[in-house]
Amino acid sequence: METIKTVFWAIVLALGIRTIAYEPFNIPSGSMKPTLLIGDYLFVSKFSYGYSTYSLPFGVNLFDGRVFESQPERGDVAVFKLPTDTSKDYIKRIVGLPGDKIQVINGLLHINGEAVKREKVGEFVTRNQHGSVQRVTKYIETLPNGVVHEIAEENDNWHWSDNTPVYTVPPEHYFAMGDNRDHSQDSRWLSEVGFIPAKNLVGRAEFLFYSKDTLEPTWDLSSIRFSRLFSGIE
């Protein structure tokens with residue numbers, strides 16, 4: 001009986017922490033390179049933006065909207081439920097706030113008619129699943145509120161997403177983009193992702209607790225990226 005009680009309270013505690021404080025996520029795609037890599041594992045703070053239906057286990061619908069709400073800041077790396085399929089979690093960077101006008105022109109992000117400052121700093125070098133080396137131009141982007149972060153841009157004019165229409169962010173919604181600008185399905189794709197309702201926000205990505213260069217289960221210590229362990233997310 002004591003063992004059953006211990007297990008019960010351990011489960012309650014774990015669910016409480018996962019619901020109220022932090023929830024773990026892993027990165028299965030390269031849409032947030034160079035900030036986040038495939039095989040990164042991170043904690044998301046659930047309290048950063050308050051709580052909604054999607055903060056609760058299994059999406060239990062106990063209330064509408066958000067309680068203890070706090071708005072994301074421009075530049076936050078946020079986890080949210082995909083508006084077109086809330087069974088899926090997405091992670092992107094918030095670049096547009098309610099009322100903002102967002103546009104990409106020749107690969108360069110514009111916010112409210114002003115080009116965002118971007119400085120080339122070198123190359124981001126990775127290997128694809130076949131082992132081939134890939135080199136992509138790396139930039140430092142500075143958002144209007146002073147948030148500085150890295151992005152990867154393969155080409156400024158190779159896809160329609162490098163030259164978009166103007167997106168006006170509706171009230172209580174946000175505009176999110178991946179840092180791997182040419183390889184991210186994000187708010188630019190209105191029919192697949194679109195604007196992010198405030199209700200869909202799960203939390204803010206805070207720090208990595210584990211990272212390995214494969215998604216496959218392995219005991220090989222050489223696959224662990226020790227330099228990324230317990231690092232903050234900017």
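Biologist: In what order do the strands of the seven-stranded open sheet run, and what is the sense of their pairing?

Modeller: Strands of a sheet pair through backbone hydrogen bonds, in either a parallel or an antiparallel way. In this predicted model, the open sheet of seven strands has the order β1-β2-β14-β3-β4-β12-β13, with antiparallel pairing. Strands here are DSSP runs of E with at least two residues, numbered from the N terminus, and two strands pair if DSSP finds at least two bridges between them. β1 and β13 (196-197) stand at the edges with a single partner strand each, so one side of each has no neighbour in the sheet.

Biologist: How many bridges join β1 and β2, and which residue stands opposite Glu 23?

Modeller: β1 and β2 pair in the antiparallel sense over five bridges. Opposite Glu 23 is Val 44 in β2.

Biologist: What counts as a salt bridge, and how many are there?

Modeller: Side chains of opposite charge can pair when their charged atoms come close. The rule asks for a side-chain nitrogen of Lys or Arg within 4 Å of a carboxyl oxygen of Asp or Glu; by this rule the count comes to 14 salt bridges. Residues are numbered from 1 along each chain as its sequence is written. Local features need pLDDT of at least 70, side-chain atom pairs count only at pLDDT 80 or more, totals for chains, interfaces and linings use all residues, and side-chain values use heavy atoms, leaving out hydrogens and water.

Biologist: Which residue forms a salt bridge with Glu 23?

Modeller: Glu 23 forms a salt bridge with Lys 46, the closest N and O atoms being 2.9 Å apart. Glu 23 is in strand β1, whereas Lys 46 is in the loop between β2 and β3 (77-82), 23 residues apart. Buried means under 20% relative accessible area, exposed over 50%, and partly exposed in between (1.4 Å probe, protein chains only). Glu 23 is buried because its relative accessible area is 10%, and Lys 46 is buried at 1%.

Biologist: Where in the chain are Arg 228 and Asp 40?

Modeller: Their side chains meet in a salt bridge (2.7 Å, N to O). Arg 228 is in the segment after β14 (201-211) and Asp 40 in strand β2, 188 residues apart. Asp 40, Arg 225 and Arg 228 are linked in a network of salt bridges.

Biologist: Is Arg 135 buried or exposed?

Modeller: Arg 135 is exposed because its relative accessible area is 55%. Arg 135 forms a salt bridge with Glu 123, with 3.4 Å between the closest N and O atoms.

How values were computed:
Helices (H or I, at least four residues) and strands (E, at least two) are DSSP runs, numbered from the N terminus.
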